[in-house]
Amino acid sequence: IASGETTHHEVLLRMRAEDGKLVGPDAFLPAAMRFGLMAEIDTWMIENAIAALAEYRVEQPELCFAINLSVNAFESENLATFVRAQLTKHAVPAQSIVFEITESLAVRHLKHVEQQIASLRTLGCQLALDDFGTGYSSFSHLKRLTVDYIKIDGGFIRGIVSNPMDQLVVQAIVTIAQGLGKKTVAEFVAEPETEDLLRTIGVDCAQGYYIGEPSPIMKALSATFP
């Protein structure tokens with residue numbers, strides 16, 4: 001927010017239907033979870049996102065990608081090994097990848113998540129705790145989850161300009177994050193007034209339609225899912 005630079009892109013997943021139309025994740029991920037396909041989707045996402053980032057970084061060498069993973073990925077003992085192989089294959093530096101996991105999933109599977117976070121951080125990758133602030137005793141989770149970014153849930157951001165309570169919550173999150181050496185990201189920033197207020201509060205980064213709307217993916221990401 002301070003510099004106005006675009007430093008990260010969040011990778012969003014879509015499925016192309018048989019008629020050629022793009023289908024949002026809400027329409028197919030629940031089915032993928034029921035049929036045990038999330039591990040394959042996570043693997044596909046990591047492989048193709050890193051391949052795409054290698055292309056982006058030719059012209060934007062400092063660009064980072066944020067990649068959402070399911071809890072299934074964090075339960076895999078081979079996650080860090082697979083990520084390392086893809087980073088090596090595409091010559092992408094580990095620090096340019098930020099893996100995201102939602103706070104609710106991280107807390108429900110805390111032991112596995114802690115272990116995988118440690119392995120990924122050893123590689124040099126960064127971690128983000130997504131949708132922060134909606135869980136029970138959110139601040140206590142920060143003692144155990146060694147992440148680099150705290151993504152403030154959009155529910156606190158949408159109406160923050162006119163809602164003093166949301167302002168207090170976000171300020172508290174920023175204060176704690178700064179004390180722990182973590183950066184904050186505000187989701188759902190849709191107008192300049194919101195960004196101005198977040199700058200005053202001290203939020204580090206912002207994402208949302210005012211910052212940049214979702215755009216078409218590169219051909220590196222349009223491979224066929226097996």
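I began with H4 and found Leu79, Ala80, Val83, Gln86 and Leu87 buried (buried is under 20% relative accessible area, exposed over 50%, partly exposed in between, with a 1.4 Å probe and protein chains only). They sit on the same side of H4, because they cover an arc of only 130° around the axis (the arc is taken from the directions from the helix axis to the C-beta atoms). On the other side, I noted Thr88 and Lys89 as exposed.

This is a predicted model, in which local features need pLDDT of at least 70 and side-chain atom pairs count only at pLDDT 80 or more, while totals for chains, interfaces and linings use all residues. Residues are numbered from 1 along each chain as its sequence is written, and side-chain values use heavy atoms, without hydrogens and water.

I checked the length of H4 next. It runs over residues 79-90, twelve residues, and reaches 17 Å from its first C-alpha to its last, close to the 16 Å expected at 1.5 Å a residue (expected span: 1.5 Å times one less than the number of residues). Helices (H or I, at least four residues) and strands (E, at least two) are DSSP runs, numbered from the N terminus. Ala91 follows H4 with a positive phi, near 55°. I looked up what covers the buried residues of H4: the list includes H2, H3 (71-75), E5 (97-102) and H6 (110-123).

Then the sheet. Seven strands form an open sheet, ordered E1-E4-E5-E6-E7-E8-E9, with parallel pairing (two strands pair if DSSP finds at least two bridges between them). The edge strands are E1 (8-11) and E9 (205-206), each pairing on one side only. E5 and E6 (residues 126-132) pair over five bridges. Val98 stands opposite Gln126 in E6. H8 (residues 164-180) packs on the sheet and touches E6, E7 (149-152) and E8.

I picked out Thr184 in E8 (residues 183-186). Thr184 counts as buried because its relative accessibility is 1%.

Last, the cores. The largest nonpolar core has 58 residues, and Phe74, Ile97, Phe99, Leu120, Val170 and Leu198 touch the most other members (a core joins buried Ala, Val, Leu, Ile, Met, Phe, Trp, Tyr and Cys through side-chain atoms within 4.5 Å). Helix H2 (residues 38-59) gives its largest share, nine residues.

Methods
Contact = heavy atoms within 4.5 Å. Axes fitted to C-alpha atoms, helices over the stretch in contact; angles between N-to-C directions.
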